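Please keep the sequence and the structure in view while reading.

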Amino acid sequence: MLKSLFLSIRQATVELAAPLSPEDMTVQSMPDASPTKWHLAHITWFFENFILKPHATGYEEFDSEFGFLFNSYYYSVGSMYARPRRGLVTRPSVQRVFDYRKHVDEAMVRLLEANPTSDVMFLASLGLHHEQQHQELILTDLKHLLFQNPMFPRYRQCVRSSMRESTSMNWATGKEGIHEVGFKGNGFCFDNETPRHRILLSPHAMADRLITNGEYREFIQDGGYNNSELWLSDGWAKITTEEWKKPFYWHDDLEREFTLNGLEAMDLNTPVTHLSFYEADAFARWAGCRLPTEFEWEVYTDGQTTQGNFVESNSLHPQARTSKDTQVFGDVWEWTMSAYTPYPGFQPLEGSLGEYNGKFMSSQMILRGGSCVTPQSHIRATYRNFFYPDARWQFSGLRLAKDI
């Protein structure tokens, strides 16, 4: 079971890279994004460094220099090449990186076939979820790269549904009182989803769908980016310094937007995406509402199946809701008003893997729900994504909440 899952997830990454040229896979468009070639190597290094080298007897390291080149932020493992300079690493070649993947995959399969220990099985599951995170990053980083090209090239042919009628936004009364949040069950979760604990919710309501392009365009046309009263102080400083006037991939005419399918006419009924936390928060204020807390969001989604528009649909873009859609998971990551902090009693993983989540619990905000480029098997109601509040290159949008 684990071996077949390993092979399928590893192959899914290769398929994401299939439409790309070596040039596509080598260039870095900004410090926060990484080249596809780096992603392909880094997730392979993760398996090699944390599983094969300590647990596979007789394993031969592929290349001793790869740890320095493809380590990301594990300082306890060793030094690493500076993130903003990853696009300068033209060698090893793309082909050698694929040779590296083959070498590691073959060794991992042998290990998984040899009655692996519980530690190896846990680490392999962690490595696969880590790879799925990088599958999403490959697409978001690539979108930023292709956007730099004035020809606005298409990544690959994507599935598009015809434009749908707008559905009205309704309000669902949120559950108040004491509730338990955090991961429960026997499956995989990241350490930052634990421990399960009790929280208190005040009376509130949640919108039953995401905010659309059309609604966000009304905010722009009403002078939303020019009204300092709507913005947090840091947000106002950011939009004035960076001269933000619209979502990241919108064309100046507010009629088109860049997608992984190229430059397309904007569907006003699809969820707005590529917003920073500051923009999501300002829109909510303009609408006379607020963003939900991460716990309001989790309790709201408790018991709902993780059905939605994920990477498997091959739309690679948010889709408008129909009357049958719940629009809870998928489409866009939803900003919450919650800062990324540890749960009461949080304990990070032991050793170097403790650097995976815990050390980032500062100055970042929580997003929930997954996006159109998230693998469906990777998401769950307790999943806590986190980014800095000015991040815009991820598929991030918003749902409204309000006090009652």
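Contact here means heavy atoms within 4.5 Å. The model is predicted.

## Helix α1 against helix α3

Two packed helices are described by the angle between their axes and the distance between the axes. For helix α1 (residues 2-17) and helix α3 (residues 36-55), the angle is about 165° and the axes are 10 Å apart. Angles over 145 degrees count as roughly antiparallel, so α1 is roughly antiparallel to α3. The crossing in which α1 passes α3 is left-handed.

Which residues of α1 and α3 meet? On the α1 side they are F6, R10, T13 and A17, and on the α3 side T36, L40, I43, T44 and F47. Sorted by class, this contact of α1 with α3 holds five nonpolar, three polar and one charged residues.

## Helix α1 against helix α6

Helix α1 also packs with α6, a helix that covers residues 118-147. The axes of α1 and α6 come within 10 Å and cross at roughly 20°. Angles under 35 degrees count as roughly parallel, and α1 and α6 are therefore roughly parallel to each other. Here too α1 makes a left-handed crossing, this time as it passes α6.

From α1, the residues in this contact are L2, L5, F6, I9, R10, A12, T13 and L16. They meet M121, A124, S125, L128, E131, Q132, Q135, I138 and L139 in α6. By class, the contact of α1 with α6 divides into 11 nonpolar, four polar and two charged residues. F6, R10 and T13 of α1 take part in the contact with α3 and also in the contact with α6.

## The largest pocket

How much space lies in the largest pocket? The volume is about 1200 Å³. This pocket is lined by 44 residues, and those closest to its centre are D32, R83, L137, F387 and W393.

Helices α3, α6 and α8 (233-242) and strand β11 (385-387) each supply at least two residues of this lining. Helix α6 gives the most, with seven residues. The lining of the largest pocket has 20 nonpolar, 14 polar and 10 charged residues.

## The second largest pocket

The second largest pocket holds about 300 Å³ of space. Its lining consists of 21 residues, and K184, D302, G303, A381 and T382 lie nearest its centre.

Strand β2 (177-181) and helix α10 (294-301) each contribute at least two residues to this lining. By class, the lining of the second largest pocket has five nonpolar, nine polar and seven charged residues.

## Backbone details

Most residues other than glycine have a negative phi, and most peptide bonds are trans. Where are the peptide bonds that are cis? One runs from R91 to P92, with omega near 10°. P92 lies in the loop between α4 (66-70) and α5 (94-113). Another cis peptide bond joins T194 and P195, with omega about -5°. P195 is found in the loop between β2 and β3 (197-201).

N115 is not a glycine, yet its phi is positive, at about 50°. N115 sits in the loop between α5 and α6.

How values were computed: Residues are numbered from 1 along each chain as its sequence is written. This is a predicted model: local features need pLDDT of at least 70, side-chain atom pairs count only at pLDDT 80 or more; totals for chains, interfaces and linings use all residues. Side-chain values use heavy atoms; hydrogens and water are left out. Axes are lines fitted to C-alpha atoms, for helices over the stretch in contact, and angles run from 0 to 180 degrees between N-to-C directions. Helices (H or I, at least four residues) and strands (E, at least two) are DSSP runs, numbered from the N terminus. Angles under 35 degrees count as roughly parallel, over 145 as roughly antiparallel, 65 to 115 as roughly perpendicular and the rest as oblique. A crossing is left-handed if the near helix is turned anticlockwise from the far one by less than a right angle, and right-handed if clockwise. Ala, Val, Leu, Ile, Met, Phe, Trp, Tyr, Cys and Pro count as nonpolar, Asp, Glu, Lys and Arg as charged, and the others, Gly among them, as polar. On a 1 Å grid over the protein atoms alone, a cavity is a set of points where a 1.4 Å probe fits but cannot get out, and a pocket is an open set with protein on both sides within 12 Å along at least five of seven lines; lining residues have an atom within 4 Å of a point. Grid points are joined across faces, edges and corners, and a volume is the space filled by probe spheres set on the points.
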